[in-house]
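Welcome! Here is a guided walk through a structure that may be new to you, taken one region at a time.

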Amino acid sequence: MTKPQPKQHLASLLQNQPGSKFVQILFETSTLALPKLEKAVRIQKKLGNKSMLSAILIELGYITEDEQRRLIRKHGRSFLLGELVCELGYINLETLQLAEHELEKTPNIRMGELLVKLRLINDHQLAQALSEQLGVPLMHVDIDMIDKSIANQFSKQFLRSNLAIPFELTEQYVSIIIADPFNTAAILEIEQQLNKEAHVFVAARDTMASFVDKLTAEKRGDKLKEGHQIAEIVDSLFLAAIRDHASDIHLEPMAEMMRVRFRMDGVLIHKMDLPLEISKRVTARLKILGQMDIADTRMHQDGRITHTVGKMDVDFRVSTYVTVYGENLVMRVLRRDGGLKSIEQLQMGRGVLERFKHDALDVPTGVIIITGPTGSGKTTTLYSAVDYLNRPTTKIITLEDPVEYVIEGIMQCSVDKTAGRSFEASLKSIVRQDPDIIVLGEIRDKNSASVAVQAALTGHKVLTTFHTEDSIGGLLRLIDMGVETFLISSTVVSILAQRLIRTICPDCRQTYMPNKRIANLIGLDDDTLRNHTFYRGTGCGTCYGTGYHGRTALHELLVLNEQVREAIIEQRPSHEVRQISCDSTDLLSLMEDGLYKALQGKTTIEEVYRIAPRSNSNRTVDEIMRIMDDKK
């Protein structure tokens with residue numbers, strides 16, 4: 001008698017077993033052995049078919065929850081919605097069976113609607129399940145981010161009856177957010193009316209009902225005046241940037257339209273396109289708010305906007321740059337809320353944080369430098385350090401361009417050339433104010449570097465920032481500026497280099513095996529890859545398909561000791577200074593900190609390779625973990 005093939009045997013084994021679809025997919029797409037699947041089925045039958053097979057496989061340790069979620073997301077269309085909701089853990093197997101029995105008695109209702117009607121799941125869980133089943137992104141969107149001019153092309157009745165809103169228009173497609181992605185008639189209607197292909201997003205029904213109510217309530221019989229329209233567009237841009245936690249807004253003129261992009265987590269994300277006739281008026285409006293010359297479109301200009309967004313005051317640093325298609329405008333978003341963090345919130349490793357506090361900030365005199373490229377979080381770290389040092393017995397004076405966060409109890413000065421407060425003039429005055437701690441927003445040139453060093457020599461503590469690639473580069477740049485090596489070695493206490501690196505999106509996080517070549521390049525050997533679990537994001541509505549949501553910092557702290565000071569005086573090459581620092585001060589490179597955070601599951605190996613400067617390291621993973629965790 002011919003022995004049945006494994007696939008036929010499995011099909012026979014799974015007949016009428018709850019959760020069989022998941023196991024069939026698992027068998028076809030993985031190397032999980034048939035005997036393990038047979039064991040899971042035996043246990044399920046022994047339990048009276050009261051548990052899903054995937055739950056049993058997870059309990060046995062044959063698969064992880066991340067692997068289960070990845071397979072569901074990849075093969076969502078293979079599942080019936082009831083099965084999917086059960087696999088996602090929103091209901092148990094017994095509840096699903098009761099719902100299936102109820103569905104047989106009410107055939108004119110879909111399973112998802114029935115589950116919500118019976119209050120077995122809520123609207124948000126149904127939207128998540130539909131997203132997983134159809135591979136349609138689940139949209140987290142605010143009403144103020146919707147382009148109302150597009151939505152208002154459709155009748156109030158259409159929006160309300162279909163719970164569908166077109167919210168963004170580009171040359172190729174229209175983005176639609178809808179409660180029921182199976183409503184093909186509504187999607188087709190929008191496509192035909194706007195003559196664009198639809199990109200569909202799903203949202204919870206109650207959220208969509210709220211959106212439609214707000215939109216239709218805002219519709220007026222008379223057309224708004226043009227000036228009010230432009231003001232609304234600008235306000236909606238500001239609000240969307242704040243809601244998305246964007247660091248910059250880019251308005252980029254092109255031949256046929258103006259592209260609007262937000263820099264989110266260090267990466268530019270396309271948001272919308274503005275027609276040319278509107279874009280020029282939007283630019284003019286922003287220039288007026290920034291107190292810039294709107295008549296001059298041939299010169300690059302800078303300005304500053306203070307604007308109330310919602311109930312929050314926000315500053316925008318504005319810069320225009322003249323291009324062949326018009327003025328390119330970039331606005332840096334300077335939020336006043338939540339900008340000031342405590343030093344414990346900087347997400348330093350425990351070992352690095354303790355050394356930074358006790359071996360750098362608590363030292364009575366000397367220069368402490370925070371260094372990194374533009375947008376690396378230097379200012380946030382600087383203010384956190386100032387907040388840590390701010391005591392009733394200490395006088396702190398700052399010189400900044402501009403003051404970004406106001407801290408109670410310290411004397412802050414903003415550079416203003418028009419008022420006669422230039423950086424150079426203020427430097428001369430600051431040392432006459434009897435400060436204990438001087439904070440310079442940035443070392444710009446030899447003059448400001450000399451002032452910092454001289455202030456430290458006279459018994460002051462000086463905090464400042466610098467633009468260099470790493471901590472050793474900060475020392476070398478001071479030398480290049482003409483500061484004597486003996487002054488550097490006697491005044492500089494520490495240099496903290498940093499970068500901002502994207503963190504994995506929590507909503508689509510799953511395990512994966514990193515690229516072996518890249519892992520080896522940042523110092524991970526094959527044994528470490530095999531013995532540790534690594535994560536990445538697959539892309540979802542929360543992270544706009546990037547797999548990343550939010551950022552954390554990488555730090556490289558150099559605390560100078562006698563060996564390092566001697567190397568500076570002798571003007572040793574940078575690689576020798578780095579080696580001495582690593583051997584004698586437990587200096588960890590930015591790349592090693594990135595490796596540590598990847599091992600913790602906060603970021604990916606590929607992101608570390610993209611962000612961190614290359615550095616050779618002979619340290620093992622255990623040594624890195626010991627130094628970061630401050631384990632002696």
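Helix H4 covers residues 53-60, and its buried residues are Leu53, Ser54, Ile56 and Leu57. Looking down the axis of H4, you will find these buried residues within an arc of 160°, so they line one face of the helix. What do the buried residues of H4 pack against? Their partners are four other helices: H2 (20-29), H3 (34-46), H5 (65-74) and H6 (81-87). After H4 comes Gly61, which has a positive phi near 85°. Please keep in mind throughout that this is a predicted model.

**The whole chain**

Let us step back for a moment. The protein chain contains 28 helices and 18 strands. Its C-alpha trace spans about 90 × 70 × 45 Å along the principal axes. Of its 632 residues, 50% count as buried. If you take the contacts between residues at least 6 apart in sequence, 65% of them join residues at least 24 apart.

You can find Asp248 opposite Arg263 in E5.

Another open sheet has 7 strands, ordered E12-E11-E13-E14-E10-E15-E18, and here the pairing is mixed. Its edge strands, pairing on one side only, are strand E12 (411-414) and strand E18 (548-559). Neighbouring strands in this sheet are turned by 15° against each other on average, again with direction ignored. Helix H16 (residues 350-361) packs on the sheet and touches strand E10 (366-371), strand E14 (461-466), strand E15 (492-504) and E18. Helix H19 (residues 446-457) lies across E10, E13 and E14.

| Helix | Strand | Angle |
|---|---|---|
| H16 (residues 350-361) | E18 | about 45° |
| H19 (residues 446-457) | E10 | about 140° |

**A closer look at strand E11**

Is strand E11 largely enclosed or open? In E11, 5 of the 5 residues are buried, so it is largely enclosed by the rest of the structure. Ile396, Thr398 and Glu400 point one way from E11, while Ile397 and Leu399 point the other way, and all are buried.

E11 (residues 396-400) runs parallel to strand E13 (residues 437-440), and 4 bridges join them. Thr398 has Val439 as its bridge partner in E13, and Leu399 stands opposite Leu440 in that strand. E11 also pairs with E12 in the parallel sense, over 4 bridges. There, the bridge partner of Thr398 is Gln412.

**Nonpolar cores**

In soluble globular proteins, nonpolar side chains tend to be buried together. The largest nonpolar core of this model has 52 residues. Which residues have the most contacts inside it? They are Phe356, Leu361, Leu463, Leu524 and Ile605. Helix H26 (residues 590-599) gives the most to this core, with 6 residues.

Leaving aside neighbours within four places in sequence, Ile605 is in contact with Tyr512, Pro514, Ile518, Ala519, Ile522, Leu524, Phe534 and Ala598. Apart from this core lies another, of 37 residues, including Phe423, Ala452, Val564 and Ile568.

**Cysteines**

A disulfide is a covalent bond between the sulfur atoms of two cysteines. How many disulfides does the structure hold? The number is 0. Two cysteines are worth a look for their surroundings. Cys86 counts as buried because its relative accessibility is 6%, under the cut-off of 20%. Cys413, in turn, counts as partly exposed, with 24% relative accessibility.

Technical notes:
Residues numbered from 1 in each chain as written. Predicted model: local features only at pLDDT ≥ 70, side-chain atom pairs only at ≥ 80, totals over all residues. Heavy atoms only, no water. Buried < 20%, exposed > 50% of the residue type's maximum accessible area, 1.4 Å probe, protein only. Helix = DSSP H or I, 4+ residues; strand = E, 2+ residues; numbered from the N terminus. Arc of directions from axis to C-beta. Contact = heavy atoms within 4.5 Å. Pairing = 2+ DSSP bridges. Axes fitted to C-alpha atoms, helices over the stretch in contact; angles between N-to-C directions. Core = buried A, V, L, I, M, F, W, Y, C linked by side-chain atoms within 4.5 Å. Disulfide = S-S within 2.5 Å.
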